[in-house]
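Q: I've got a model open and I'd like to learn how to read its features. Can we go through it together?

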Amino acid sequence: LVDTYKEMSKELGIEGINAELISLKNVIEGTEDDIRTEVTKAGGFATDSQVLALTNARNKQLIKNYNTLLETRNSQGE
């Protein structure tokens, strides 16, 4: 049964989608730290609310892509 599932996952491209989901998740989760680092390296200052606003703006499209991939994977697994 496990072998059959693995074979079907490969045929449907689920493994590739899972890898892409993990990659996007890591990028989304690291955005706030990245922005703080960028601001610091530039010698600037940003409040927490400014950093969070920039994080949300930067992640908006990534989150849309993540959700689309998730829906695709879930529909293929049915």
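Q: Let's start with one side chain: is glutamate 29 buried or exposed?

A: Relative accessible area decides that: buried means under 20%, exposed over 50%, and partly exposed in between, with a 1.4 Å probe and protein chains only. Glutamate 29 has 51%, so it counts as exposed. A word on the ground rules: this is a predicted model, where local features need pLDDT of at least 70 and side-chain atom pairs count only at pLDDT 80 or more, while totals for chains, interfaces and linings use all residues. Residues are numbered from 1 along each chain as its sequence is written, and side-chain values use heavy atoms, leaving out hydrogens and water.

Q: Where is confidence lowest, and where is it highest?

A: pLDDT is the predictor's confidence in each residue, from 0 to 100. Here the chain averages 89, and 87% of its residues reach 70 or more. Helix 1 (residues 2-12) is lowest, at a mean of 66, and helix 3 (residues 48-76) is highest, at 95.

Q: Which side chain does lysine 25 meet in a salt bridge?

A: A salt bridge puts a side-chain nitrogen of Lys or Arg within 4 Å of a carboxyl oxygen of Asp or Glu. Lysine 25 pairs with glutamate 29 at 3.6 Å, N to O. Both sit in helix 2, 4 residues apart, about one turn of the helix. The whole structure has 4 salt bridges.

Q: What separates arginine 36 and glutamate 32 in helix 2?

A: About one helical turn, because they are 4 residues apart. Their side chains form a salt bridge at 2.9 Å, N to O, and Glu32, Arg36 and Asp48 are linked in a network of such bridges.

Q: And which side chain does glutamate 38 meet?

A: That of arginine 58, in a salt bridge of 3.1 Å, N to O. This pair links distant parts of the chain, since glutamate 38 is in helix 2 and arginine 58 in helix 3, 20 residues apart.

Q: Is threonine 55 buried or exposed?

A: Buried, because its relative accessibility is 8%. Threonine 55 lies in helix 3. Counting contact as heavy atoms within 4.5 Å, threonine 55 touches Thr31, Glu32 and Ile35, leaving aside residues up to four places away in sequence.

Methods:
Helix = DSSP H or I, 4+ residues; strand = E, 2+ residues; numbered from the N terminus.
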